[in-house]
Each structure stands twice: as C-alpha cells, then as structure tokens.
Amino acid sequence: MLYMVYEKFKTAGAKEVYRRSREKGRMLPAGLNYVLSWVDLEFTRCFQLMETEDVSLLAKWTDSWQTW
C-alpha cells in the first residue's frame with residue numbers, strides 16, 4: 001500500500017530536517033519503504049511517498065522524529 005506523508009516544517013525547520021537526514025538517514029523501521037519525496041519551492045512543506053503493508057509503521061517512523 002502506498003501512503004502520502006505531508007510534513008509542514010517549522011520556521012527554518014527544513015534545514016534541521018535535512019541535517020538530521022544527513023546524520024541519521026531516514027530512520028525507517030523495517031517494513032516501511034521510501035519511494036519518492038519532493039519539497040515546495042519555499043522549503044516549508046515536504047511530500048513523501050511511502051510504501052508498507054503495515055500502516056502502524058508510519059506512526060512508529062514519525063514518532064522517532066520526536067526523540068531527535
């Protein structure tokens with residue numbers, strides 16, 4: 001199943017997200033696969049296409065952002 005994840009960055013948050021991604025990777029749990037992503041021209045929103053058969057992995061993934 002494919003899922004669209006919409007992330008709205010906090011003020012200047014895109015820089016922090018990209019720094020985290022360089023340092024930690026995507027931090028995906030096993031069974032959740034990254035397909036594609038794009039960011040708007042103002043770097044305020046990110047859209048990510050993810051694939052999984054277990055929708056609970058999306059919550060596990062986004063929860064991991066809170067601890068970083």
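Buried means under 20% relative accessible area, exposed means over 50%, and partly exposed lies in between (1.4 Å probe, protein chains only). This is a predicted model in which local features need pLDDT of at least 70 and side-chain atom pairs count only at pLDDT 80 or more, while totals for chains, interfaces and linings use all residues. Residues are numbered from 1 along each chain as its sequence is written, and side-chain values use heavy atoms, with hydrogens and water left out. Helices (H or I, at least four residues) and strands (E, at least two) are DSSP runs, numbered from the N terminus.

**Sheet**

- Three strands form an open sheet in the order β1-β3-β2, with antiparallel pairing; two strands pair if DSSP finds at least two bridges between them.
- β1 (2–8) and β2 are the edge strands, each pairing on one side only.
- From one strand to the next, the twist averages 20 degrees; axes are lines fitted to C-alpha atoms, for helices over the stretch in contact, and angles run from 0 to 180 degrees between N-to-C directions.
- β2 and β3 run antiparallel and are joined by six bridges.
- Y34 stands opposite M50 of β3.

- α2 lies across β1 and β3 and runs at about 20 degrees to β1.
- The buried residues L57, L58, W61 and W65 belong to α2. Viewed down the axis of α2, its buried residues fall within an arc of 110 degrees, so they line one face of the helix; the arc is that of the directions from the helix axis to the C-beta atoms.
- The face of α2 turned away from its buried side carries K60 and Q66, which are exposed.
- The largest nonpolar core has seven residues in all: V5, L32, M50, L57, L58, W61 and W65. α2 gives the most to this core, with four residues.
- A nonpolar core is a set of buried Ala, Val, Leu, Ile, Met, Phe, Trp, Tyr and Cys residues joined through side-chain atoms within 4.5 Å.
- L32, a member of this core, touches M50, E51, T52, L57, L58 and W61, not counting residues up to four places away in sequence; contact means heavy atoms within 4.5 Å.

- T52 lies in the loop between β3 (45–51) and α2 (56–66).
- T52 counts as buried because its relative accessible area is 3%.
- A polar atom of the T52 side chain lies 2.9 Å from the backbone oxygen of G31, and the side chain of T52 reaches the backbone nitrogen of D54 at 3.0 Å.
- Residues up to four places away in sequence aside, T52 touches M1, Y3, G31, L32 and L57.

**The loop between α1 and β2**

- L28 is found in the loop between α1 (13–24) and β2 (33–39), and is partly exposed because its relative accessibility is 30%.
- Beyond its neighbours within four places in sequence, L28 is in contact with N33, Y34, M50 and W61.
- L28 and T52 are 24 residues apart in sequence and 11 Å apart in space, C-alpha to C-alpha.
- M27 is found in the loop between α1 and β2. M27 is partly exposed, with a relative accessible area of 23%.

**Positive phi values**

- Most residues other than glycine have a negative phi.
- Phi of M27 is near 55 degrees, a positive value.
- Phi of F43 is also positive, near 55 degrees. F43 is found in the loop between β2 and β3 and counts as partly exposed at 49% relative accessibility.

Note on methods: Polar contact = N/O pair within 3.5 Å; in protein donor to acceptor, adjacent residues only side chain to side chain.
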